[in-house]
Amino acid sequence: MLCETCGGRVPPARRECGTCHTPVGAPALRAGVRTRAVRGVGVAASVAVVGVLVADLARALWPLAGGRMAERAVLTGHRALFELAQLVELIIPVLHVGTVIVAGVLVIIWLYRARTNLEAFPGASPTLSGGWAIAGWFVPFANLVIPCRVMVSIARDSVRRSRTPWLVGIWWPSWLVYWLVAGRIDRRDARDYPLLMAEPASPADYRTYVDHYAAALGSELMLLPAGGVAAAALIILIRRISVAQEARIARGATGPVPPGMTVPAPTVPGGAPTGGDATIGA
């Protein structure tokens, strides 16, 4: 018989499709269960994650410029250089926090939508409720594990149920390293902030600023590899899961189709498409 989800042939002895793992006789989607679009918010989340990387790069490289400006202020007595460095010192953290908040909100929205879509997929076996896709990020200590478990469930039941995509195992440890290093840097900056914002009264005060940047450069650069790996793995996961889920939702709306066939996007009155085409088996 043919699988209702992917159109593949299922041997009589099997209880589920060997390609998409939908149970024999089950439709691609459960009737009456709402599904949510994930591709658009996934693209927005990926762009925001790249924005965090750009902010991280600016934050990591700023000690090079800030240190030079402070040294020049010491040598030449140009107070304006010191004041400019103080201004940039205020702006960069604000921009960094802003990009992190935007990316965090969009990733959580995408994660919640992708998790709730599993409710409509026959054969999916999520281990945590959809609410944990949001709450799991904010519960102390649980946030070290819960978001990873939610992503594991989404990836397994969206992309390949028989095994968890290896990208989850790269994304989460890299994110934890990034989070721990970033927290250490933030605590150091909070400790040094009153000294850096104080009015310099002597060359020794300027030298404190120079010494701060010399110490900051190494730890800031440590943040980039972990952040880059975590961001790349997350963006790939978002793309693969979004494509797989929306292709399945499209198949559920149009009925079973052979692998490799393109499913045209649904149209709204007037003939305008609501989204891009999805290729089965892509």
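The model is predicted, so local features need pLDDT of at least 70 and side-chain atom pairs count only at pLDDT 80 or more, while totals for chains, interfaces and linings use all residues. Residues are numbered from 1 along each chain as its sequence is written, and side-chain values use heavy atoms, with hydrogens and water left out.

A pocket here is an open set of points on a 1 Å grid over the protein atoms alone, where a 1.4 Å probe fits and protein lies on both sides within 12 Å along at least five of seven lines. The largest pocket has a volume of about 1200 Å³, taken as the space filled by probe spheres set on the points. Its lining numbers 45 residues, with Val52, His96, Val100, Trp175 and Tyr178 nearest the centre; a lining residue has an atom within 4 Å of a point. Two or more lining residues come from each of α1 (39-76), α2 (79-117), α5 (166-197) and α6 (203-254), helices being DSSP runs of H or I with at least four residues.

Now to the charged pairs. The structure holds two salt bridges, each a side-chain nitrogen of Lys or Arg within 4 Å of a carboxyl oxygen of Asp or Glu. In one, Arg115 pairs with Glu119, the closest N and O atoms being 2.8 Å apart. Arg115 counts as buried because its relative accessibility is 4%, whereas Glu119, at 39%, counts as partly exposed (buried is under 20% relative accessible area, exposed over 50%, partly exposed in between, with a 1.4 Å probe and protein chains only). Arg156 and Asp157 form a salt bridge with closest N and O atoms 3.5 Å apart. Arg156 is buried at 17%, and Asp157 is buried at 6%.
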